[in-house]
Number of protein chains: 2
Amino acid sequence: MSLSLLAVGTVAFDSIETPFGSAERILGGSATYIALAARLLGVPVRLCAVVGRDFPDAHVDELASRGVDLEGLVRDPDGDTFFWAGRYHFDLNNRDTLATHLNVLATFKPVLPEAYLDSAIVCLGNLDPVIQSEVLDQVKGPDGKGPALVVCDTMNYWIGSAPEALAETLKRVDVLIVNDAEARELSGEPNLVRAARVIRAMGPQTLVIKKGEHGALLFCGDTARPTVFMAPAYPLEDIHDPTGAGDTFMGGFAGHLARIAEGDPAAASDPEAMKQAVVVGSALASFVVEAFGPDRLLEMDVSDLDERLSDFHRLSAIPAGLVAL
Amino acid sequence: MSLSLLAVGTVAFDSIETPFGSAERILGGSATYIALAARLLGVPVRLCAVVGRDFPDAHVDELASRGVDLEGLVRDPDGDTFFWAGRYHFDLNNRDTLATHLNVLATFKPVLPEAYLDSAIVCLGNLDPVIQSEVLDQVKGPDGKGPALVVCDTMNYWIGSAPEALAETLKRVDVLIVNDAEARELSGEPNLVRAARVIRAMGPQTLVIKKGEHGALLFCGDTARPTVFMAPAYPLEDIHDPTGAGDTFMGGFAGHLARIAEGDPAAASDPEAMKQAVVVGSALASFVVEAFGPDRLLEMDVSDLDERLSDFHRLSAIPAGLVAL
């Protein structure tokens, strides 16, 4: 039986400006990227999000054609779809938010369809931590004992404005995926090794710290002697649009664990599986930034991914034999 | 026959403030760190630098006791030793220079002792590129055809103030080691993959870009299809003093290649050897930042290094077998 992955987050319109071009009101949102990334790995994906009256059927069809289960995509006839506009700086590491129109997201209360309740893996995209908890309340999991794995994203806004609610959610999270600035803010520790210790004590057994062009750090396993892993970022010459890279990472990370868990549920929580999941997430993220919005995810296939995974091996493998003295 | 490594640079007094403490007028300088790092690898090291009348014999003895050949350490009786004072910010990634007194360095013209002329590997610490070239003019190398390998450092100051002289030096350099800001400034390219292509076209066949806590990037081999390697940085909880990390990296990098070249000269220019050298340099640099000045290099031994090299393998090895789809 295939393990199902539930992607909870936003489905949105994004308007994006980068030094390489711009795009107006294209398909975006965390749930979109999470779902498309996990679908590329062949994992059954259920999507839970809300769109408004202005959301075109063509986008719905695009997601459906990739095999995303859209029973949980609610269309709110009383409002417009969540809209975000941003401008990236020349180095692509920083961006200004030009507009955030919550629209139908402002009143969204996710109610999972009956068929979603047995989801094994839950990906909580960046949302109000109260909403994230309410989703977890509903998931019964494959055996009625709750989800097998909860993967969660958050952002500075919630760390600053809703620390108590976030703390409650984090107690129920297995894997937290944040960027380095968020890890520092959440922990109050500038040093990332110390930050990881503080954050893991808040609940998540596994922590992934994304560092953009500098790769990603994984902390997992035994808390006293954690497994630390440093995944490289793929050295790209042309980064056209970083939007969605973090969500794509999450979809690839969780999707890889879903595939492993299908064969051997215990293996999916092994540090070695977590390391692989970070690399799969990084590899998928390295594709999505090559074009605007989710275009690259929509056109690529697993053979592209396979090739890039080989590149990641080549990129980071330390030649053995001569290093030791 | 052992291949000799020539370390050209500064021997200095450093006054350092970090959030973890401070140290006054301690032993420093690029040649000091390069020499001590390479000596830890057992490589014969010759040092070329100048000190002033105020330089204590105790420091000379410290270097001599580690087996550094000091015939090329000139003592200028008419002035004081080069002095640098700096203060590191809380995140240790940025520092303010509080004082730079060139003193005897201002008039230093290195003249290599006869016994140094057959040096195989030349490490040019950060100095005026004119001086760097004048050193290269003198080295005859083991077979009279010049040095087998020239490894060079530079900094923003020379990139901005002496671009022509630097360009001349770079034509004679095999491996350039700079940080990411320097690579961007030298190339005029914000993207590091593009920057590497521009810099390698200036002369250095191999380029290492140091990124501090984010590791190091290596570009080498074929120019059309370069070998790219990303070495992790060791995730340290306590960084006491970053001073000398870059010079220690260079000494470890060049020292490792010297060891490989001793057994097989052709192997030392192989991309696999370069990758290993980056990891050895990174490992040694991860020690030096654990204490003020070169203290850690002076007290550690090769078994400490061996252990940390194993950590680097664990830190970056992607588990095989399950990643490919």
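Modeller: A salt bridge is a side-chain nitrogen of Lys or Arg within 4 Å of a carboxyl oxygen of Asp or Glu. The model here is predicted.

Biologist: How many salt bridges are there between chain B and chain A?

Modeller: One of the pairs is D238(A) with R194(B). The closest N and O atoms of D238(A) and R194(B) are 2.4 Å apart, and the cut-off is 4 Å. Between chain B and chain A the count is six.

Biologist: Which element gives the largest share of the side of chain B that touches chain A?

Modeller: The elements of chain B that give two or more residues to this side are α7 (192-201), β13 (227-231), α8 (245-263), α9 (271-288) and α11 (302-316). The largest share is nine residues, and the element that gives them is α11(B).

Biologist: How many residues on the side of chain B that touches chain A are nonpolar?

Modeller: In all, 46 residues of chain B are in contact with 45 residues of chain A. By class, the chain B side has twelve charged residues, six polar ones and, as nonpolar, 28.

Biologist: What area do chain B and chain A bury between them?

Modeller: The size of an interface is often given as the accessible area lost when the parts come together. Carbon and sulfur atoms hold 60% of the area buried between chain B and chain A, and the total is about 4300 Å².

Biologist: As by what kind of axis are the two copies related?

Modeller: Chain B is superposed on chain A by a rotation of 180° with 0.0 Å of shift along its axis, at an RMSD of 0.0 Å. The two copies are therefore related as by a two-fold rotation axis.

Terms used. Residues are numbered from 1 along each chain as its sequence is written. Chains are lettered from A and ligands numbered from 1 in the order in which they are written. This is a predicted model: local features need pLDDT of at least 70, side-chain atom pairs count only at pLDDT 80 or more; totals for chains, interfaces and linings use all residues. Side-chain values use heavy atoms; hydrogens and water are left out. Copies are superposed by least squares on the C-alpha atoms of residues with pLDDT of at least 70 in both. Contact means heavy atoms within 4.5 Å. Buried area is the accessible area (1.4 Å probe) that two parts lose on being put together, summed over both. Helices (H or I, at least four residues) and strands (E, at least two) are DSSP runs, numbered from the N terminus. Ala, Val, Leu, Ile, Met, Phe, Trp, Tyr, Cys and Pro count as nonpolar, Asp, Glu, Lys and Arg as charged, and the others, Gly among them, as polar.
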